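Morning, everyone. Let me put today's chain on the screen, and then I'll walk you through it.

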Amino acid sequence: EASDFPKRWLDFAASVVEKLKKVASGAAGSAVSLDSEEFPIRGRVSKEEILEVVARIDLRYNYLSIINCLEDEPEDKKNVLARCIQGAEASLAVVEKSFKESDEARDALGFVQYLNKSHMPAIPPRTIDKVSGSQVVTYFRNFLEDARLVAASVKCKDVLSLKRHLGEFSDRNPEAIMRSLQALLCKRMNLKDLVCASLGVSTKGLEQDREFASCLADCTGILEMYNNAACRNKCQQHRKCKKVLRELNLKLLQREGSLSSAMASKLNLNAPSAGGGAGALLVKWIELLGHSIALKQLLVGFDLELYETSDFLMIYWYCERLLSGYIDKFQEARDLAQQGVKGSPSKGKKKGSKGKKEGGFLDENGVMGRLFVLESTRLVLSGIVRMLAALKKQGIIQPASSIFNTEEHRYVQRFSHFLDLHTPLPLGYGEYVYATTVDEMSVTELCESAKKSFENSLRVTSHLKATLPAESKKNEKELHDLERISKRNMVGLALVVMGRFNLEHLTRILV
């Protein structure tokens, strides 16, 4: 059967590797002949050449085994997976050495990406790229690193950690097979537990509450769509995020339209019903997710190089406003969670609990650490907006030279997919013009204002590291990026003031 083919091939490969190793051990210093019905390899080969063939077969064996482990439950097969990755790395080192010692102009042995020429039907001539040995090694090395990252997705215990994981995975630009495996693992996750862990809400005792169950189903459905989009390549992410936002807004509108006065009173967190309070918190979480998806959709455009330099100011301004809205929603959700705890009847602590804090919005240190990171990011975006306004005023950034599109037309083209949304609230062109009109400020004043924003961002990150070291370690990568961007942009501001800034500097300091 076709389903048994991978297993039969793995068994066959293992037996071939074992036999070749025995032959290699007998060929101590002389070349031997393998030309037989079992090994139709003509000529005489040395022990080193036999081991190179073994390494290639073993590499393919571990390659398929890694895929099988990830396709099943990687948590159950983590030891097998680690052993396969380690074996593949050892085989890849032998393959890489053989490529360096052989003629570099030779095609890769038995490797043509996405194409098996021997099985091609009769088709018109087409271009076939030759793959060098270094490309083969790079492909397999990236595959092994991606496999480790995909296997680590089972460690994600809340939505924030999952979003960070998918962002790191996407930045590696993995091959299609790894994106498929990551999407498969995301589909198997218990998204209800991830959402509840993010909020600090337990489903125990709330399963029978219809309002809570309905809200939780909406949350998991939207999160599943987001995970599916985040596992695509960045071009597809840019399109799919728009679809997720439309679905998210549809869910919110349906929920608002279906609330009767009785249900609305039930959503009051101070009411006795615990399910109502949790339901309100879930609705607020959906709004939070909407702001973060909109922000991601805009930022992905930079990776795809969709924006011209003349559009940078409006893009970064919109991103800053989205992040400000996200911070406001985050604080509202925190207040709702705290009110729910105060309004809930005391049932006494369980024996042995020792006052252990709950996670999500009830984890005070976690919430404060996250707010510090968000505020630092907002200050960086605010500084970039002011710096771009200074560059535009100085004439370094020129308006787009198009006789057909005005700036307002370009603004509508960039953000038209937000105009029909309820969450996040759309921002019109008039608001952008009002916020970025700086006729009364000089270039030096704008640069000084931008510098203060970057300095304040660095102060926030330093304060987080000094007061909440555990939380700073959780957000270590984001803090490092914020510090790097702030310092680079402060150098850029110094160049602007001295009149030595050019557009080449712009691409280096904004990221």
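One definition to begin: the expected span of a helix is 1.5 Å times one less than its number of residues. Helices here are DSSP runs of H or I of at least four residues, strands are E runs of at least two, and both are numbered from the N terminus.

Now the ground rules. This is a predicted model, where local features need pLDDT of at least 70, side-chain atom pairs count only at pLDDT 80 or more, and totals for chains, interfaces and linings use all residues. Residues are numbered from 1 along each chain as its sequence is written, and side-chain values use heavy atoms, with hydrogens and water left out.

So, helix α18, residues 476–498. Its 23 residues should span 33 Å at 1.5 Å a residue, and its end C-alpha atoms lie 34 Å apart, which agrees. Which residues of α18 are buried? Buried means under 20% relative accessible area; exposed is over 50%, and partly exposed is in between, with a 1.4 Å probe and protein chains only. The list is Leu479, Leu482, Glu483, Ile485, Ser486, Asn489, Gly492, Leu493, Leu495 and Val496. Recall that an α-helix has 3.6 residues a turn, so residues three or four places apart point the same way. Just after α18, Gly499 takes a positive phi of about 75°.

Zoom out. The chain has 19 helices and 2 strands. Of its 511 residues, 42% count as buried. Take contacts, meaning heavy atoms within 4.5 Å. Among those with a separation of 6 or more, 77% join residues 24 or more positions apart.

Two examples of sequence distance against space. Ile397 sits in the loop between α13 (364–394) and α14 (407–415). Ile397 counts as buried, at 7% relative accessibility. Its C-alpha is 9.0 Å from that of Asn502, 105 residues away in sequence. Gln331 belongs to helix α12, residues 312–343. Gln331 is partly exposed, with a relative accessible area of 30%. From Gln331 to Val367 is 36 residues along the chain, and 9.0 Å between C-alpha atoms.
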